[in-house]
Amino acid sequence: MKKIVIIGGGYAGIYALRELVKNKNIKITLIDKHTYHNLQPEVYDLIANKSNFADVTIDLTTLCMGFNHNHLEFKNLKVRKIDKKDKKIYTEEKEIVEFDYLILAAGTRTFFPPQVPGLNHADDIKKLHRAIVFKQSFEKQLFEKIKNEAKQCADTRILVVGAGLSGVEIAAEMAYFSNKFFKRGNFSCENLKISLVSSSASILPGLTQQLINISQERLKSLGINIITNTKLEKVEDGYCFLSNGTKINHSFVIFTGGVEASPLTAELDIKTNQKGQVIVNEHMQVLEHENIYAIGDIAEIRNNDDEIMPPNVTIARISGSLAGKNVLKSLENKTLVKTNPKLDGILIALGGEYAAGNLFGLIHVKGKLAYYIKKFVFHSYRKPLLKLIKLGYNRLRKFQH
């Protein structure tokens, strides 16, 4: 029986898994160092108290049980080394997993530039546990302000470094949440200040000017200070030093300035780009090895015009599904499918029930309409997974009894 291993239970890995389970005569192993799939784009709702932990995670054990595949297993392991020649995966837990085909879907992590002293103390909310710690620290800070408001009203300053999608969304959600918090309680000490720093000439570089304008107008209406053409140079003693000569005292620094691929790619001796992302062909295969695929954020994926596709859920879906299909086709000695990824559009959460988006490159939407479209897209992904984990949970209960 052929053994297929997926490393990474994120969006791309799950889309690959959904294809692979169609073949009941293969052994499938999903490996992830976490026990849950983190619905990362929704973590900002968690921080803003619009959702809880269960809303932004999918349990991988019950998910795998829900697929009702006799040869599918989930292993909660941390991968340390991949032996391409002997087709073995070595883990921190000393367990060895063998494979015939390997799908790399380990994603990316926030890149902290080593040339910026003190940046290692910044909050990285791509990681769920760090997001939860930040949420608790943020709420504690708000409580301290209220507790001491009659005696003093010290500023709470949050610096969000990086004005791409992640930076813009977290700044907007936090500003909206804090404004609503102070308004609801009628607290006098209302002086939370959020600054958003972009090293580019504008926020959201690479997006349409109309989308940038809509987002910028919304951020300013929320009281966010936007600083462009500026880099963070140093974090020290509660202060951030910017390249424009500004010195800003801060309570929190959130860094969203860039990503790098999982360190797994570094020792694989395969072709990667400057971010460590694996270069793949039109079938999602690693160039040097036909039995190894790379999908989602860990891969550099191009369309037919040789344009690099941005790391997002749409590209994760396209690449993950394609890799799963091509593994099955390879097992049957059939011609592999080529990819030409296209974006359905882009939607940006901008605090509360407000969003902005560009659909299929044709039309711009904003406000509640864009918000509800974004929610519909999310629920369309999450709903079938919830059904599977419910089935898996019921199966697990039967086995346990």
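User: Which residues is Ser262 in contact with, leaving aside its neighbours within four places in sequence?

Analyst: Ser262 is in contact with Ala106, Gly107, Thr108 and Ile298, where contact means heavy atoms within 4.5 Å. Please keep in mind that this is a predicted model: local features need pLDDT of at least 70, side-chain atom pairs count only at pLDDT 80 or more, and totals for chains, interfaces and linings use all residues. Residues are numbered from 1 along each chain as its sequence is written, and side-chain values use heavy atoms, with hydrogens and water left out.

User: Why is Ser262 called buried?

Analyst: Its relative accessible area is 11%, and buried means under 20% (exposed is over 50%, partly exposed is in between, with a 1.4 Å probe and protein chains only). Ser262 is therefore buried. Its place is in the loop between strand 18 and strand 19 (278–279). Helices (H or I, at least four residues) and strands (E, at least two) are DSSP runs, numbered from the N terminus.

User: What about Arg317: what makes it partly exposed?

Analyst: Arg317 has a relative accessible area of 29%. You will find Arg317 in helix 7 (residues 313–331).

User: How do you know that a polar contact joins the side chains of Arg317 and Asp344?

Analyst: The distance is 3.0 Å. A polar contact is a pair of N or O atoms within 3.5 Å; within protein, one must be able to donate a hydrogen and the other to accept it, and residues adjacent in sequence count only if both atoms are side-chain atoms. The pair of Arg317 and Asp344 therefore qualifies. Arg317 also touches Tyr15, when neighbours within four places in sequence are left aside.

User: Which atom does the side chain of Thr256 reach?

Analyst: The side chain of Thr256 reaches the backbone oxygen of Gly162, at 3.0 Å. Thr256 sits in the loop between strand 17 (252–255) and strand 18 (259–261). Not counting residues up to four places away in sequence, Thr256 touches Val160, Val161, Gly162, Ser166 and Gly167.

User: How do you know that the span of helix 6 (residues 209–221) agrees with 1.5 Å a residue?

Analyst: The expected span of a helix is 1.5 Å times one less than its number of residues. For the 13 residues of helix 6 that should give 18 Å, and the end C-alpha atoms are 18 Å apart, so the two agree. Helix 7, with 19 residues, reaches 27 Å from its first C-alpha to its last, close to the 27 Å expected.

User: Why do the buried residues of helix 6 line one face?

Analyst: In helix 6, Leu211, Ile212, Ile214, Ser215, Arg218 and Leu219 are buried. Seen down the helix axis, these buried residues fall within an arc of 165°, so they line one face; the arc is that of the directions from the helix axis to the C-beta atoms. On the other side of helix 6, Gln209, Glu217, Lys220 and Ser221 are exposed. Gly223 follows helix 6 with a positive phi, near 85°.

User: What makes strand 12 (residues 192–197) and strand 13 a pair?

Analyst: Two strands pair if DSSP finds at least two bridges between them. Strand 12 and strand 13 have three bridges, in the parallel sense, so they count as a pair. One example is Leu196, whose bridge partner in strand 13 is Ile226.

User: Why are strand 13 (225–227) and strand 17 called edge strands?

Analyst: Four strands form an open sheet in the order 13-12-11-17, with parallel pairing. Strand 13 and strand 17 each pair on one side only. The twist averages 20° from one strand to the next.

User: In which sense do strand 6 (residues 79–83) and strand 7 (residues 88–91) run?

Analyst: They run antiparallel, joined by four bridges. Ile82 stands opposite Ile89 in strand 7. The hairpin has four residues between the strands, and Lys87 takes a positive phi near 55° there.

User: Which strands does helix 7 lie across?

Analyst: Helix 7 lies across strand 1, strand 9 and strand 21 (289–294), running at about 170° to strand 9. Axes are lines fitted to C-alpha atoms, for helices over the stretch in contact, and angles run from 0 to 180 degrees between N-to-C directions. Strand 1 (residues 3–7) and strand 9 (residues 101–104) pair in the parallel sense over four bridges, and Val5 has Leu102 as its bridge partner in strand 9.
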